[in-house]
Amino acid sequence: MSLRGNINSTGMFILASMVFSFLFNSAFGYGPAVAYSFFTFILTLTFRNEIVYFSAIILGAVIAFLYCPVGLTFGPPDLNAMTSVAYTDKAETLEFLMSISVWKWLIAVSILFSAASCCLLRKKTTFVLPRILSLLSIICFFSIPIKAAYQESQFSLLDSHYPPIRFVSDARNAYNQVNADKAFYQHNMKIPDDWGDDIHGGNYNTVVIIIGESVRRDFMSAYGFPINDTSFMQAIPGIIFTNYISSGPATVLSLTHSLYRFKNGKIEYNNSIVRLLSKRGYHTNWISNQGIYGGADSPVSLAGKQADEFHFVKNGSSNKFLYSPDEKMLPLVSEALNRKGKKAIFIHLMGSHPMACVRTSGQYDTFFRSKEESCYVQSIKNTDALLSHVYGMLGQNSQSWAMMYFADHGLRVVDKGTNEERQQHSDRYQNDYDVPLFVTTSGSKQSEKITAPRSGFDLIPLITQLVGINETSTDVQCNLYSEEVCRKERLVLKKDGTRVPYNALPREEALY
Ligand SMILES: [Zn+2]
């Protein structure tokens, strides 16, 4: 090979190595790691043995490629990501992968492409850097554990801030935490509840609690959205809460802090609202269109399993049911309503969960900003129609009933103003927590609004006050069905489980 050809191959090899090092280090979700990219670049150029070189590059590229789309969307593996992985079925994983934007997939593919280029060009050049430089890189990667070893005589490679090692460490910690949590609440489930034994009270024969999914109230016409998508909610007598917020930004975080008693900073998995109603003489029934999540039980489905009867409509072990409309639950709801005696029925919707076009099978009546947004609006409209159905059945079956609808959390609009505009889980804005709460009973005479601030942390007292049952351990000294302000400050959970004041969060820029 001519000298010129050799220089060109070497130049290309160096360039490909630079690109690979940068993409590889940035793929794990810790942001663009410029310094670590430089040292990775130096290190790869010191490898003399081809087999070692190929193995390292290919292994690194495959791991970075697999995590890159997730890393660029949600960041490094944390407790929240691992919880989602542990409780998500195949169909949901597929939906999730489909919801990641194309350019992130292109970056992921570029990692493989740059790695392949490095390997091919490596064969055409003899360029290597002195071995001593590899030592310099390694010292840089492990500077933090080395410092710790020096100061505290403790050495752990996993303390390194080098992205691939940090990734392994974070994933391992989150995985262990999820398993510990699972064991913890399964143990707690077996503990009997502490609810008082008063079986008196209860103003209604039938109570229906409908748990919505991923609904931002500013996308509902009942709350001022310009497209009419909640005609039922607006037409019938009842109470619309205009300032109710969810406790968390995602299903499991939010519902565990709403459906179970939360005391002294701890969730009591043995004390669910389901068991409380059961103890007050209601036959409880849980009907869910959210998967039971394969073998692993999420803490939300555990609340469902505390009911006297439960049905999980969507089969979590199959990915055929990408489109699983909530109406599939209606025959079960009808059956539950036909049961004689006092009864409480929980209905857990799939609602407006991303991706919205999967929820509506790609259908929508009115276009709004993008296809996915239009489907999102349609999914809200479909939920409103479902509420209307349940309401109709209630009127036929019972003279004395109460119905509540709320959503577990909101979402954030991403890729604004593009064809790809859609909604994604988020804990950044107030809007991510702004959800609907609507209550109607057999005694409702007119449409009312309650503007006082209310929170998902008070869902249990909201239900007990509605139903008219006492439970001293959850009573708030305040009428939640009035304009009284019951809490000085409302807290919300961030995705890592920390609590921050709702008022400290910014508002998302208005869309209309
Ligand atoms: Zn949710």
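Q: Where in the protein chain does Asn479 lie?

A: Asn479 sits in the loop that runs between helix H17 (459-467) and strand E15 (491-493); helices (H or I, at least four residues) and strands (E, at least two) are DSSP runs, numbered from the N terminus. The model is a predicted one, in which local features need pLDDT of at least 70 and side-chain atom pairs count only at pLDDT 80 or more, whereas totals for chains, interfaces and linings use all residues. Residues are numbered from 1 along each chain as its sequence is written.

Q: Is Asn479 buried or exposed?

A: A residue is buried if 20 or more other C-beta atoms lie within 10 Å of its own, exposed if 12 or fewer, and partly exposed in between, with C-beta atoms placed from the backbone. Asn479 is exposed because 11 other C-beta atoms lie within 10 Å. The C-alpha atom of Asn479 is separated by 7.9 Å from that of Gln465, which is 14 residues away along the chain.

Q: How many helices and strands does the protein chain have, and into which domains is it divided?

A: The protein chain holds 17 helices and 16 strands. It is divided into domain 1 (3-178) and domain 2 (191-504), with bounds that come from an automatic or database domain assignment. The C-alpha centres of domain 1 and domain 2 are 42 Å apart, and the C-alpha trace of the protein chain spans about 95 × 55 × 40 Å along its principal axes. Of the 512 residues in the protein chain, 44% are buried.

Q: Which residues of the largest nonpolar core touch the most other members?

A: A nonpolar core is a set of buried Ala, Val, Leu, Ile, Met, Phe, Trp, Tyr and Cys residues joined through C-beta atoms within 7 Å. The largest one in this model has 81 residues, and those touching the most other members are Val207, Val208, Ile210, Phe346, Ile347, Met404 and Ile463. Helix H16 (residues 371-397) gives the most to this core, contributing 8 residues. Apart from it lies another core, of 21 residues, including Ile57, Ala61, Ala64 and Cys118.

Q: What does Ile210 touch, leaving out residues up to four places away in sequence?

A: Two residues are in contact if their C-beta atoms, placed from the backbone, lie within 7 Å. With sequence neighbours up to four places away set aside, Ile210 touches Ile347, Leu349, Leu387, Val390, Met404 and Tyr405. Ile210 belongs to strand E1 (residues 206-212), and it counts as buried because it has 23 C-beta neighbours inside 10 Å. Ile463, with neighbours within four places in sequence left aside, is in contact with Ile209, Ile273 and Met404.

Q: Which residues does the UniProt annotation "transmembrane region" cover?

A: According to the unreviewed UniProt entry, this annotation covers residues 12-39, 51-72, 102-121 and 128-150; positions are given in the numbering used here, feature names are shortened, and annotations may be inferred rather than shown by experiment. In the model, residues 51-72 are 100% helix and 0% strand, and the end C-alpha atoms of this span lie 30 Å apart. Residues 102-121 are likewise 100% helix and 0% strand, with end C-alpha atoms 28 Å apart.

Q: How do the axes of H3 and helix H6 cross?

A: Two packed helices are described by the angle between their axes and the distance between the axes. The axes of H3 and helix H6 (residues 102-122) come within 8 Å and cross at roughly 170°, which means that H3 is roughly antiparallel to H6. Among the residues of H3 that meet H6 are Tyr53, Ile57, Ala61 and Leu72, while the H6 side includes Trp105, Ile111, Ala115 and Cys118.

Q: Where is Asp78 found, and is it exposed, partly exposed or buried?

A: Asp78 is in the loop between helix H3 (50-74) and helix H4 (79-86), and it is partly exposed because 18 other C-beta atoms lie within 10 Å. Not counting residues up to four places away in sequence, Asp78 touches Asp170, Ala174 and Asp496.

Q: Which peptide bond is cis, and where does Met355 lie?

A: The peptide bond from Pro354 to Met355 is cis, with omega near -5°. Met355 lies in the loop between strand E8 (343-348) and helix H15 (356-359).

Q: What is the phi value of Ser361?

A: Phi of Ser361 is near 60°, which is a positive value in a residue other than glycine. Ser361 is placed in the loop between H15 and H16, and it counts as partly exposed because it has 13 C-beta neighbours inside 10 Å.

Key: Axes are lines fitted to C-alpha atoms, for helices over the stretch in contact, and angles run from 0 to 180 degrees between N-to-C directions. Angles under 35 degrees count as roughly parallel, over 145 as roughly antiparallel, 65 to 115 as roughly perpendicular and the rest as oblique.
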